[in-house]
Amino acid sequence: MTDETETAKAGWFSDLDSGDLEAAEDAITEGEAKAPREWPAIAVESGYTDSRDEYYDRLHEATMTATRAEVRERERADDQQLVHAIRAMDDCSRTANELAERLAEWAGTVDPDAGTGVEYARTLARGESEDGLEEPAIRSLAERVAGLADEADELREFVERQTPAVAPNLSALAEPVLAARLISLAGGLEELAKKPSGTVQVLGAEDALFAHLRGHAPSPKHGIIYTHDAVRGTHPENRGSAARAVAGKLSIAARVDHYSGELKPELEAELTERIETIQARTTDEDVDSDGGADDE
Amino acid sequence: MSEQLPEGVQRREFDGTERLATRGEPVYGEPTDGEWRAWNPHRSKLGAMLELGMDTALSGGETVLYLGAASGTTVSHVADFAGPTYAVEFAPRPVRDLLSAAESRERLFPLLKDARKPATYAHVVESDVDVLVQDVATRGQARVALENRQFLADDGRLLLAVKARSEDVTREPETVFEDVREELSEGYEVLEARRLEEYHADHLGIVARPR
Ligand SMILES: C[S@@+](CC[C@H](N)C(=O)[O-])C[C@H]1O[C@@H](n2cnc3c(N)ncnc32)[C@H](O)[C@@H]1O
């Protein structure tokens, strides 16, 4: 055993066998020392390597491996940034819409031709409405609405930029905002990767699912993935199958993203093919004839 | 102009313009001419310091600790003409690109570490490096330089880029620079200081040695 003072004086290579890259990786990432020392010379003296050149070769290999692994590890943590961003984005748009309604109601009492919605608020905020809507309080409220709507837009851009880096496959199969929503609903990329595809299929439909479990309603066929083009673009009678196929592939994508991070373009091709088959069905066929085949 | 460029750095013509250049694999889409690649002073504070004729005392082949390596724009040029080069950066995203730059540079060692915590890389970075380059653009730039002085040889050089806005956006850059120099003097003697305005707004370039 090494005592504390000894550890504080040891280099990254001190406890390593020459060829053990995995241990070297840990030592680079986890290790510490009180102060730097002449590590190349010490490595040669202690017999870790035969020469300075060999030492630097090994250091290059070890720092590359360690840093690559550490980057991957840390970028995974970025899924939490997405979770916050998408929730903030939804809060901003919801609030902007609510306030826009209030604003339209108020403006309507002053100007019978007042418009509605966020766009009307933006017009008012820019001071472009011709009518004498000079009431500063109304104008100021319109500015808040426009500001909140802008904030929501910026958060959306952030999400669109960041999601492909965190979850490349999921973002390729769903668009980035939907991918981020799924991550958010599951509580993180790892959590999403661990969910069975049947659960992914109804994420975001919790209310409907509870109603079903209480015996009040039919089982929901799709949650937030309803917004996926492949589901929306399918005839209502076949939507259940489409939702199941999409959920199956998205689950696989989430697992690849979490466990390897490698981009697999074939996933997208497979989904496209599957959806084409489903959409080609005549709608009076039994919609559930494909059973759970997509639940891999 | 009596110019002291380190060995391995040359002025060469690219599309009719003289530019600084080093030899190595291109990294950020810079123009190349055979093995040579242009070093863009607009994207590199150290490049600007050399371009503006500051006396960096770099001669080529030295051991370097580089703090704030980002995606490797500057540190890749440094590794092209220097010896063993340790590159510290704490944001994971740019480090992906830094790793690509280090792929072809066998003496460039990328480290995902926080420059405010030297103990977390003192077991890797050797003592008595010849040059400490710092471009961290974060609050407390003088403190970072002081805490990393332990890596620097007694006759080594600190090449520091100070970004005024990172310390305090509301204050005049000049007063920020004065404070940084004052704090720096706890451990360094400033040999030369110059605004990098031509290339980088509100940045000060400093050459210093440990005292
Ligand atoms: C202006 S950029 C550096 C550009 C780079 N030197 C170049 O010319 O190619 C500043 C970098 O310092 C990094 N940084 C800031 N604080 C840091 C710290 N405490 N430790 C390590 N890196 C830090 C930032 O993440 C950022 O990438």
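Mentor: What follows covers the interface of chain B and chain A, and then two helix pairs and a salt bridge of chain A.

This is a predicted model, in which local features need pLDDT of at least 70 and side-chain atom pairs count only at pLDDT 80 or more, while totals for chains, interfaces and linings use all residues. Residues are numbered from 1 along each chain as its sequence is written, chains are lettered from A and ligands numbered from 1 in the order in which they are written, and side-chain values use heavy atoms, with hydrogens and water left out.

At the interface, 35 residues of chain A are in contact with 30 residues of chain B (contact means heavy atoms within 4.5 Å). About 2,700 Å² is buried between the two chains, 55% of it on carbon and sulfur atoms; buried area is the accessible area (1.4 Å probe) that two parts lose on being put together, summed over both.

Chain B and chain A share 4 salt bridges, where a salt bridge is a side-chain nitrogen of Lys or Arg within 4 Å of a carboxyl oxygen of Asp or Glu. Glu103(B) and Arg68(A) form a salt bridge through their side chains, at 3.4 Å from N to O. On the side of chain B that touches chain A, helix H3 (92–103) and strand S7 (108–112) each supply at least two residues; helices (H or I, at least four residues) and strands (E, at least two) are DSSP runs, numbered from the N terminus. H3(B) gives the largest share of that side, 7 residues. By class, that side of chain B has 17 nonpolar, 4 polar and 9 charged residues (Ala, Val, Leu, Ile, Met, Phe, Trp, Tyr, Cys and Pro count as nonpolar, Asp, Glu, Lys and Arg as charged, and the others, Gly among them, as polar).

Within chain A, helices H14 (residues 239–259) and H15 (residues 265–280) pack at about 170 degrees, their axes 10 Å apart. Axes are lines fitted to C-alpha atoms, for helices over the stretch in contact, and angles run from 0 to 180 degrees between N-to-C directions. H14(A) and H15(A) are therefore roughly antiparallel (over 145 degrees). Residues of H14(A), including Ala245(A) and Ile252(A), meet residues of H15(A), including Leu271(A) and Ile275(A). That contact has 9 nonpolar, 1 polar and 3 charged residues.

Helices H5 (residues 79–110) and H9 (residues 176–186) of chain A pack at about 105 degrees, with axes 9 Å apart. This makes H5(A) roughly perpendicular to H9(A) (65 to 115 degrees).

Finally, the side chains of Asp229(A) and Arg232(A) form a salt bridge. Both residues lie in helix H13(A), 3 residues apart.

Definitions and conventions: Angles under 35 degrees count as roughly parallel, over 145 as roughly antiparallel, 65 to 115 as roughly perpendicular and the rest as oblique.
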